Amino acid sequence: MDNNISCQMKVETGEAGYVLEDVPHLTDYIPDLPTYPNPLRSNPAYSVVKQYFVDADDTVPQKVVVHKDGPRGIHFRRAGPRQRVYFAPDEVHAAIVTCGGLCPGLNTVIREIVCALYHMYGVTRVLGIDGGYRGFYSKNTITLTPKFVNDIHKRGGTIIGTSRGGHDKPKIVDSIQDRGINQVYIIGGDGTQKGAAVIYQEVRRRGLKAVVAGIPKTIDNDIPVIDKSFGFDTAVEEAQRAINAAHVEAESAENGIGVVKLMGRYSGFIAMYATLASRDVDLCLIPESPFYLEGEGGLLEYVEKRLKDDGHMVIVVAEGAGQELLAAENSKTTTAQDASGNKLLQDVGLWLSDKIKAHFAKIPSMPITLKYIDPTYMIRAVPSNASDNVYCTLLAQSCVHGVMAGYTGFTSGLVNGRQTYIPFNRITEKQNNVVITDRMWARLLSSTNQPSFLGPKDVCEFKKHEPDICEFKKQEPATQSVDGDKSKANDI
Ligand SMILES: Nc1ncnc2c1ncn2[C@@H]1O[C@H](COP(=O)(O)OP(=O)(O)O)[C@@H](O)[C@H]1O
Ligand SMILES: O=P(O)(O)OC[C@H]1O[C@](O)(COP(=O)(O)O)[C@@H](O)[C@@H]1O
Ligand SMILES: [Mg+2]
């Protein structure tokens, strides 16, 4: 048995610059495992579907915008049911855990994992780990059956609970081993997937026939490679209610200003999409786009202009925006962290509201009425909408198919509209951010008419830091995306 852990990715190359970034398989470290015909072959719902089973060689390209003579580039293994599986139904003992912050759709993913295991693969032992990673070793488990999970997709939150912190590798893997769990479904964001990678490595080091698979969850849409995260659409939709309220309040007052804070620690996708969807927003601030308050071209000058022109305005601010400005004013709170080690952010919405109020207090001819709305937790707590429900279902089913087929150490994810299996390190190595040199941000700037807050000096600075992008921009017409990963959600 080869128990040497290789953290290196399984990479296969082919003709014309084809690269497959493959995911590990149980047989990489446990040879001669028995296989079984996939039970779906005799399932009346699926047996009539032509080509239901995925060809072992099917892969999905990461980039679909290519040049005639360019390399074929990176591919991921296509998700879906395989002809043969590596688990007999009565052998499976599955566990599901949810970690990190809430996100619409968590319950749908749980429901669909349980239902896929029961109804597609005849599995009857599925556990919910109570309250995130620490639930593996400090809490009781919850028995999950199709009946138990039947209605849960209609509720927000996660019925098995979640938490931050508490990732104790030896204790978690001891618990997996002691309970005889051989399929671990881990639903969570970037931190969770890092934790899942560590669990996978330890399971493999111990030579256990136990698969570790992740499902990416992030309301901030900050996970790279995937098209977008589940719950994101729901969050954008729900944010409209807050923006509408801010607009109504602003419009009804003299020099009315509505400020709405939305989630987005380091990635401003919710703020950007909610702004684009609404059309009532005059200023959108995100972590990726620095801004300044005072002076020519500054935020306060713009607010003044907007009020003079329109009599009201709506500002959407992502929670991570302008943190450097707040930190400069208040150094003592900048090191605070949550239990997972995520930096605790200061309330930019409140800070911005105070700054605007203080500015207009100095202009007696322009009395303002400012309403600050913070709907962040309300947005995160709602059940997923219809399209996210379907998305969650496909993600969960794809994950179950991959696990039953013996793949491990992977995250299920949608890449260019296709379900794939992505190696953990590809998901955890960097963050998905709004690229402010992409067309999506340009669309936003043109829809709000806000200043970009970038002067000629900043553009030069930007060139110094991201020379590739600037070089590329020089050579290519503006229709080309800048970065394969980052452009997914941006450059459409
Ligand atoms: N680098 C890491 N290695 C192992 N576990 C981690 C790591 N980062 C975070 N975790 C664990 O993952 C869980 C969720 O992480 P957190 O950052 O709170 O949320 P999210 O997964 O949504 O990013 C926590 O239980 C935390 O202890
Ligand atoms: O108050 P909590 O639970 O720490 O959550 C706040 C954070 O959760 C998020 O919604 C998502 O963060 P995670 O992806 O780490 O769960 C952030 O936008 C926000 O800063
Ligand atoms: Mg996170």
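Colleague: Where does Gly-101 lie, between which strand and which helix?
Modeller: This is a predicted model, where local features need pLDDT of at least 70, side-chain atom pairs count only at pLDDT 80 or more, and totals for chains, interfaces and linings use all residues. Residues are numbered from 1 along each chain as its sequence is written. Helices (H or I, at least four residues) and strands (E, at least two) are DSSP runs, numbered from the N terminus. Gly-101 sits in the loop between strand E7 (94-98) and helix H2 (106-121).

Colleague: Is Gly-101 buried or exposed?
Modeller: Buried means under 20% relative accessible area, exposed over 50%, partly exposed in between (1.4 Å probe, protein chains only). Gly-101 comes out at 11% relative accessibility, so it counts as buried.

Colleague: And which helix holds Gly-191?
Modeller: Gly-191 is partly exposed, because its relative accessibility is 44%. Its place is in residues 190-205, helix H6.

Colleague: Which residue has a side-chain N or O atom 2.5 Å from an oxygen atom of ligand 2?
Modeller: Polar contacts here are pairs of N or O atoms within 3.5 Å. The side chain of Arg-164 has an N or O atom 3.0 Å from a ligand 2 oxygen, and for a polar side-chain atom of Lys-217 the distance is 2.9 Å. The one at 2.5 Å is Glu-319.

Colleague: How much of ligand 2 does the protein bury?
Modeller: Areas come from the Shrake-Rupley method with a 1.4 Å probe. Taken alone, ligand 2 exposes 480 Å², and the share of that buried by the protein is 84%.

Terms used: Chains are lettered from A and ligands numbered from 1 in the order in which they are written. Side-chain values use heavy atoms; hydrogens and water are left out. A polar contact is a pair of N or O atoms within 3.5 Å; within protein, one must be able to donate a hydrogen and the other to accept it, and residues adjacent in sequence count only if both atoms are side-chain atoms.
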